[in-house]
Amino acid sequence: HNILVLNGPNLNLLGTREPETYGSTTLTEIEELTKARADSHGFTIDFRQTNIEGTLVDWIQQSAGQADAIILNAAAYTHTSIAIHDAIAAIKTPVIEVHLSNVFAREDYRHHSYVSDVAVGVICGFGAQGYLLAIDAIASMLRNQS
Ligand code: DQA
């Protein structure tokens with residue numbers, strides 16, 4: 001199985017970006033940790049980051065036939081992007097929504113997500129660990145399917 005891990009705007013700055021909110025783990029470290037967890041399930045991952053909304057839309061569209069599941073941290077676009085919502089609704093690949101921070105313990109404008117209602121599930125508030133929990137969730141999901 002191949003898992004697509006998509007990261008949205010400003011997540012390239014992890015490590016130095018508001019560490020009190022997002023922790024000090026860099027995105028490269030998150031990629032390594034996620035890959036190791038995927039390896040342990042016999043999965044491969046394709047880990048990407050972009051600051052561009054349309055690129056996330058393209059990647060979601062292209063997931064058909066490329067990935068068995070998507071882990072998506074759409075970052076700020078979570079709260080604004082109908083285009084990302086529609087892209088997820090248009091595909092069959094299951095999407096797991098992840099956020100490092102507990103968005104519900106933060107500003108009101110982070111409480112609504114355009115991703116959640118088209119996601120299989122949401123993991124937030126566990127920092128980098130959330131990506132690993134998402135891999136484990138996908139593993140049990142795929143096991144239950146087969
Ligand atoms: C985030 C939460 C979003 O509200 C924020 O805009 C981000 C990161 C998170 O991982 O906690 O950029 O998705």
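These exercises work through the ligand shell, the annotated residues and the sheet of one predicted model.

Residues are numbered from 1 along each chain as its sequence is written. Because the model is predicted, local features need pLDDT of at least 70 and side-chain atom pairs count only at pLDDT 80 or more, while totals for chains, interfaces and linings use all residues.

**Exercise 1. List the residues that surround the ligand, then sort them by class.**

Step 1. Apply the cut-off: a residue is near a molecule if its C-beta atom, placed from the backbone, lies within 6 Å of it.
Step 2. Read off the shell: Asn 10, Asn 73, Ala 75, Ala 76, Thr 78, His 99, Leu 100, Ser 101, Val 103 and Arg 110.
Step 3. Sort. Ala, Val, Leu, Ile, Met, Phe, Trp, Tyr, Cys and Pro count as nonpolar, Asp, Glu, Lys and Arg as charged, and the others, Gly among them, as polar. The shell has four nonpolar, five polar and one charged residues.

**Exercise 2. Find the residues that UniProt marks "active site" and decide whether each is buried or exposed.**

Step 1. The unreviewed UniProt entry places this feature at Tyr 22 and His 99. UniProt positions follow the numbering used here, feature names are shortened, and annotations may be inferred rather than shown by experiment. The two span 78 residues of sequence, yet cluster in space, with a largest C-alpha distance of 9.3 Å.
Step 2. Count other C-beta atoms, placed from the backbone, within 10 Å of the residue's own: 20 or more is buried, 12 or fewer exposed, in between partly exposed.
Step 3. Tyr 22 has 19 such neighbours, so Tyr 22 is partly exposed. His 99 has 24, so His 99 is buried.
Step 4. Helices (H or I, at least four residues) and strands (E, at least two) are DSSP runs, numbered from the N terminus. Tyr 22 lies in helix α1 (residues 19–22). His 99 lies in strand β4 (residues 95–99).

**Exercise 3. Give the strand order of the sheet and explain why β2 and β5 are edge strands.**

Step 1. Strands pair if DSSP finds at least two bridges between them.
Step 2. The order is β2-β1-β3-β4-β5, an open sheet of five strands with parallel pairing.
Step 3. β2 (44–49) and β5 (121–124) each have a single partner strand, so one side of each is left without a neighbour in the sheet.
Step 4. Check one pair. Strand β1 (residues 2–7) and β2 pair in the parallel sense over six bridges. Asn 2 stands opposite Thr 44 in β2.
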